[in-house]
Amino acid sequence: IRKEMKNTTLVLFENVQFIYELRLAQLELKSFNIEFELSPRFREFIVINEPQSWETLRKRLAYFKLVNGFHSDYFFIIQKNRTKSINQYLTHWIYPYKGKFHPQMIRALLNIIGLKSGDTVLDPFIGSGTTALEAQLLGINCIGIDISPLCVLQSKVKTESIYAFKEIVNMKAEILKHTKINLFNDKIIDSVIDEIEDEKVKNFFLMAKLVAISDNARRRKDITKSFARNLELMIASVKDYIEIVEQLNLKLGKVDIREGDARALDLGNESVDGIITSPPYSIALDYVQNDAHALKFLGFEPRELREKFIGVRGKNREKIELYNEDMKMSLREMYRVLKPGKYAVLIIGNAKYQGKEIKTVEFITENAEEIGFELVENIDKIIFGLYNVMQKENILIFKKRNG
C-alpha cells in the first residue's frame with residue numbers, strides 16, 4: 001500500500017518536534033477532511049482519501065514541508081528570513097516584543113478553525129502583529145486591536161510597509177544623511193520623520209528608530225550603527241515579502257489595525273468569522289515597564305498608560321481581581337462579535353504572582369463556558385523565553401454555539 005501511495009504523503013518540517021505541534025498538524029488535516037495514517041517515524045502522514053484539492057493543501061498547510069511530493073508554500077515563505085531564529089521570517093522579526101506568537105502555530109490555527117480567503121479574523125490583543133501577518137499571507141482579512149500604541153505601530157509596519165516600499169527606499173538616503181551624529185543628540189532626524197506625509201512611510205522609519213532605541217536600552221548597542229543596520233534589514237525584509245507574494249502568486253488579505261480596548265470592541269454583533277488571540281500575561285509580564293523606553297519616545301507617559309492596560313493596575317489581590325474582571329469583559333465582547341458556529345482560540349497560561357500560581361487557564365475556561373462558548377480543544381503547549389514566569393501555556397479552542 002505504501003508503495004502505491006508513495007507520492008500521496010505529507011512530510012512534516014524537521015523543526016516539528018513537540019507533541020502539541022503534532023496535534024496541530026493532525027487538526028490541520030482534519031479541517032480539510034483529510035483521512036490519514038501516521039507513519040512509524042511520526043514524520044509522514046499517509047493520505048487515505050483523495051483530497052478535494054492538493055493545491056489548496058500545498059498553499060495553506062503550516063506544519064508540512066512536502067505535500068504530495070511538492071514543497072508547500074510555507075516552505076518557500078520561511079526561506080525569506082534575515083534572522084537566526086527559524087520563526088522570524090519576513091517582517092515578523094521587527095521589534096523585540098516579549099511573548100510573541102509562533103507564526104507557524106498561528107498559520108495552522110487559522111486553518112484549523114476553518115477560515116478561508118476573504119473571511120475575517122479578529123485579534124483583540126494584536127501585540128506584535130503575528131496574527132495579522134499570517135492571516136494576510138493566507139488571504140484572510142484581519143482586524144487587529146490593541147490598547148498599546150507601540151503594538152499598533154509595529155503591527156502596521158509589519159503588514160503595511162509592502163504597500164509603500166518604493167517611497168520607503170526613496171526616503172532612506174535622506175534619513176541616513178542625518179545619522180552621522182548620535183541619534184540621541186540629533187533631533188533633526190526626528191523632525192525629518194515627523195514631516196513625512198505618507199503614514200506608512202513615517203511609521204516605517206519611526207519603527208526603525210524604535211528598534212535602535214530598544215537595542216541601546218536592552219543591549220547597550222551604539223544607537224546610530226543599530227539604526228543604520230536595522231533600517232537596511234527592515235527594507236530587505238519588506239523586499240523579501242514583496243518577492244514571495246510575486247513568487248507564490250499570493251492574494252493578500254486586508255489588514256485593519258486599530259488602537260482600541262478589548263473590553264469594549266468597536267465592532268458590530270456577529271461580525272467576525274473567527275478569533276485568535278493571546279490575552280496579556282500582564283500579571284507575569286509588565287508590558288508597560290518592559291517597553292517604557294519606546295512608549296516615552298512615542299510621546300506617551302507610561303504611568304498614564306498603566307491605568308488603561310489589562311493586568312497591570314492595582315497591587316496584591318486587587319491586581320488579580322481587576323485582571324479577572326477585565327478578562328470577563330473581554331470574553332463577553334469576543335462572544336458578541338463572533339458569528340454563531342464559529343471559533344475563538346485563546347492561548348493562555350497559568351502565571352505565578354507573589355509565589356502563587358494564578359489559575360488563569362481554569363478561570364478563562366470557566367467564564368467562557370458561562371458566557372456560552374463550548375470548549376472543543378485544550379492543547380498543552382511548551383513555552384520558551386519566559387523561564388522564570390511560565391513553562392507551559394494552553395491552546396484553548398472554543399466554539400460559539402448556533403442560536
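## The chain as a whole

The chain has 403 residues, and buried residues make up 58% of them. Its secondary structure comes to 15 helices and 14 strands. Taking the contacts between residues at least 6 apart in sequence, 72% join residues at least 24 apart.

How confident is the predictor? The mean pLDDT of the chain is 87, and 87% of the residues reach 70 or more. Where pLDDT is low, the predicted coordinates should not be read in detail.

## Helices H1 and H4

Two packed helices are described by the angle between their axes and the distance between the axes. For helix H1 (residues 19–31) and helix H4 (residues 103–112), the axes come within 8 Å and cross at roughly 35 degrees. The crossing of H1 past H4 is left-handed. On the H1 side, the contact is made by Tyr20, Glu21, Leu24, Leu27, Glu28 and Ser31, while H4 brings Gln104, Met105, Ala108, Leu109, Asn111 and Ile112. Sorted by class, these contact residues are seven nonpolar, three polar and two charged. An α-helix has 3.6 residues a turn, so residues three or four places apart point the same way.

H4 itself is mostly covered, with ten of its ten residues buried. The buried set includes Arg107 as well as Gln104 and Asn111, and the latter two also take part in the contact with H1. Just after H4, Gly114 takes a positive phi of about 80 degrees.

## Helices H7 and H10

The next pair joins helix H7 (residues 165–176) and helix H10 (residues 223–248), whose axes come within 11 Å and cross at roughly 170 degrees. An angle over 145 degrees counts as roughly antiparallel, and H7 and H10 are therefore roughly antiparallel to each other. H7 passes H10 in a left-handed crossing.

From H7, the residues in contact are Phe165, Ile168, Val169, Lys172, Ile175 and Leu176; from H10 they are Phe227, Ala228, Leu231, Glu232, Ile235, Val238, Lys239 and Ile242. By class, this contact has eleven nonpolar residues, no polar ones and three charged ones.

## Helices H14 and H15

Helix H14 (residues 316–337) and helix H15 (residues 360–371) pack at an angle of about 40 degrees, and their axes are 10 Å apart. H14 and H15 are therefore oblique to each other. Their crossing is right-handed.

Which residues of H14 meet H15? They are Tyr323, Asn324, Met327, Lys328, Leu331, Arg332 and Tyr335, and their partners in H15 are Thr360, Phe363, Ile364, Asn367, Ala368 and Ile371. The contact of H14 with H15 divides into eight nonpolar, three polar and two charged residues.

## Two asparagines with positive phi

Most residues other than glycine have a negative phi, and most peptide bonds are trans. Asn68 has a positive phi, near 55 degrees, and Asn249 likewise has a positive phi, of about 55 degrees. Asn68 is found in the loop between strand E4 (64–67) and strand E5 (70–71), whereas Asn249 lies in the loop between H10 and strand E8 (255–259).

Is each of them buried or exposed? Asn68 has a relative accessible area of 19%, which makes it buried, as the cut-off is under 20%. Asn249, at 64% relative accessibility, counts as exposed.

## Leu57 in helix H2

Our last stop is Leu57, which sits in helix H2 (residues 54–60). At 2% relative accessibility, Leu57 counts as buried. Leaving aside neighbours within four places in sequence, Leu57 is in contact with Phe32, Ile34, Pro51 and Val67. Leu57 and Leu29 are 28 residues apart in sequence, with their C-alpha atoms 8.6 Å apart in space.

Terms used
Residues are numbered from 1 along each chain as its sequence is written. This is a predicted model: local features need pLDDT of at least 70, side-chain atom pairs count only at pLDDT 80 or more; totals for chains, interfaces and linings use all residues. Side-chain values use heavy atoms; hydrogens and water are left out. Axes are lines fitted to C-alpha atoms, for helices over the stretch in contact, and angles run from 0 to 180 degrees between N-to-C directions. Helices (H or I, at least four residues) and strands (E, at least two) are DSSP runs, numbered from the N terminus. A crossing is left-handed if the near helix is turned anticlockwise from the far one by less than a right angle, and right-handed if clockwise. Contact means heavy atoms within 4.5 Å. Ala, Val, Leu, Ile, Met, Phe, Trp, Tyr, Cys and Pro count as nonpolar, Asp, Glu, Lys and Arg as charged, and the others, Gly among them, as polar. Angles under 35 degrees count as roughly parallel, over 145 as roughly antiparallel, 65 to 115 as roughly perpendicular and the rest as oblique. pLDDT is the predictor's confidence in each residue, from 0 to 100. Buried means under 20% relative accessible area, exposed over 50%, partly exposed in between (1.4 Å probe, protein chains only).
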